[in-house]
Amino acid sequence: MTTIGIVLVAAGVWGQRLAGMFLVGPILERRPILSRAASLIPAAVICAVIVQLTIANKQQLVIDARLAGLVVAGVLVWRKAPFILIVVAAAATTAIIRAL
Amino acid sequence: MDDRPTEVSPRLPGRSDLATITLTFVALGITTQVILLDAGMSPLKAWIASSVIYSATSQFAYIAVSQAGGSEVAAVVAGWIVASRFGILAVSLSRIFRGGVFSRAAAAVHAFDIQVGLAAQQTDMDRAKKAFWWSTAAMLVGWFIGITSGTLLGDVMGDTTRFGIDALFPAALLAIVGNALRTRDGLVAGVVGAVICAALIPIAPAGLPIILSVGGVGAALALSTRTAR
């Protein structure tokens, strides 16, 4: 991350938290459809980031050992495993497949 | 809420709940630092970034876009969009924390899924605040132990793809978004967002596929209003 990137992302994170508390909260309380839409944004965007990190190499779609790690993570998330187990199992799966 | 004092309130988070929160954030902190160092940041800068940004997912989104070859602007925008989650969590907190500007601001900057979830379960305000601040303390301790030890650890690891570190990153995100994907609307938004992104990666400029994945929200809302009729 560049220094300016760190500053801007930090400002966005802190700003949105404060805006949520002081500005958006009172507005959304009266508009349920907007609050539903807003609450779904993270699910959509985080899943897109996962895709970018798992099946893409720059601007090409590729399938490699990372996908196996994600599948293992998916099963563990579904079974409500602890966070540390999920990430370690995913990394280990990918590392083992690469070593084969 | 205060006018129903006899209602059975869910128990406050106990010692083992708090320990679990601490451990989770130790793990997330280590993961975050290893990923930042792997992306080429210096240890000190990586530690400062995690301390001031205070949001692993926003850092992950930024790095995902810049590693894909996206512009600085696209990377920052991706970080902001992902951080909208905290804005939403702060909205839920605004229903619990009333009164003083300072206490509300202090609560808002600590809006994370776990604490907001624990606070929202409580049926009276005092207990909700107690649950929130105890779990926040547990998180802060875990996060700073995690990013500090992650910084030291990542520095001595060397070639990280050997350990599958690049698989840590999406797995951590999946674990964070897991609860949202358990609801039907959340699942539709997530799957459609993922499909939009995958379809656009080969044709759109880097970073844009992630930003345009917000279209998944529209799909989820359209589907749920249609089935409601």
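Predicted model: local features only at pLDDT ≥ 70, side-chain atom pairs only at ≥ 80, totals over all residues.
Residues are numbered from 1 along each chain as its sequence is written, chains are lettered from A and ligands numbered from 1 in the order in which they are written, and side-chain values use heavy atoms, with hydrogens and water left out.

**Figure 1. Chain A as a whole.** Chain A holds four helices and two strands, where helices (H or I, at least four residues) and strands (E, at least two) are DSSP runs numbered from the N terminus. Chain A is more spread out than a compact globule, because its radius of gyration of 18 Å is well over the 13 Å that the globule rule gives for 100 residues; that radius is taken over C-alpha atoms, and the rule is 2.2 Å times the number of residues to the power 0.38. The C-alpha trace of chain A spans about 55 × 35 × 25 Å along its principal axes. Of the 100 residues in chain A, 46% are buried, a class that means under 20% relative accessible area, with exposed set at over 50% and partly exposed in between (1.4 Å probe, protein chains only). Among contacts (heavy atoms within 4.5 Å) in chain A between residues at least 6 apart in sequence, 24% join residues at least 24 apart. Chain A exposes about 5,000 Å², and carbon and sulfur atoms supply 72% of this area; accessible areas come from the Shrake-Rupley method with a 1.4 Å probe, and for residues only the protein chains shown count as cover.

**Figure 2. Gly5(A) and its contacts in chain B.** Gly5(A) lies in helix H1 (residues 3–28) of chain A and is buried, with a relative accessible area of 0%. Not counting residues up to four places away in sequence, Gly5(A) touches Tyr62(B), Glu72(B) and Val76(B). Within its own chain, Gly5(A) is 58 residues along from Ile63(A), and the C-alpha atoms of the two are separated by 30 Å.

**Figure 3. Two loop residues with positive phi.** Lys80(A), in the loop between helix H3 (65–78) and helix H4 (83–99) of chain A, has a positive phi of about 60 degrees although it is not a glycine. In Tyr54(B), which is likewise a residue other than glycine, phi is positive and near 60 degrees; Tyr54(B) lies in the loop between helix H2 (43–53) and helix H3 (56–67) of chain B. Lys80(A) is exposed, with a relative accessible area of 61%, whereas Tyr54(B) counts as buried at 4% relative accessibility.

Figure 4. Chain B comprises 11 helices and zero strands. Its radius of gyration of 19 Å agrees with the value near 17 Å that a compact globule of 229 residues would have, and its C-alpha trace spans about 60 × 50 × 30 Å along the principal axes. In chain B, 53% of the 229 residues count as buried, and 70% of the contacts between residues at least 6 apart in sequence join residues at least 24 apart. The domain assignment gives domain 1 (15–179) and domain 2 (183–229) of chain B, with bounds that come from an automatic or database domain assignment. The C-alpha centres of these two domains lie 24 Å apart, and nine residues of domain 1 are in contact with six residues of domain 2.

**Figure 5. Thr31(B) and its surroundings.** Thr31(B) is part of helix H1 (residues 15–38) of chain B, and at 4% relative accessibility it counts as buried. Leaving aside its neighbours within four places in sequence, Thr31(B) is in contact with Phe83(A) and Val87(A) of one chain and with Leu168(B) and Ala172(B) of the other.

Figure 6. Arg104(B), found in helix H5 (residues 101–108) of chain B, counts as buried at 19% relative accessibility. Apart from neighbours within four places in sequence, its contacts are Met21(A), Phe22(A), Phe97(B), Arg98(B) and Gly99(B). Asp126(B), in helix H7 (residues 125–157) of chain B, counts as exposed at 57% relative accessibility.
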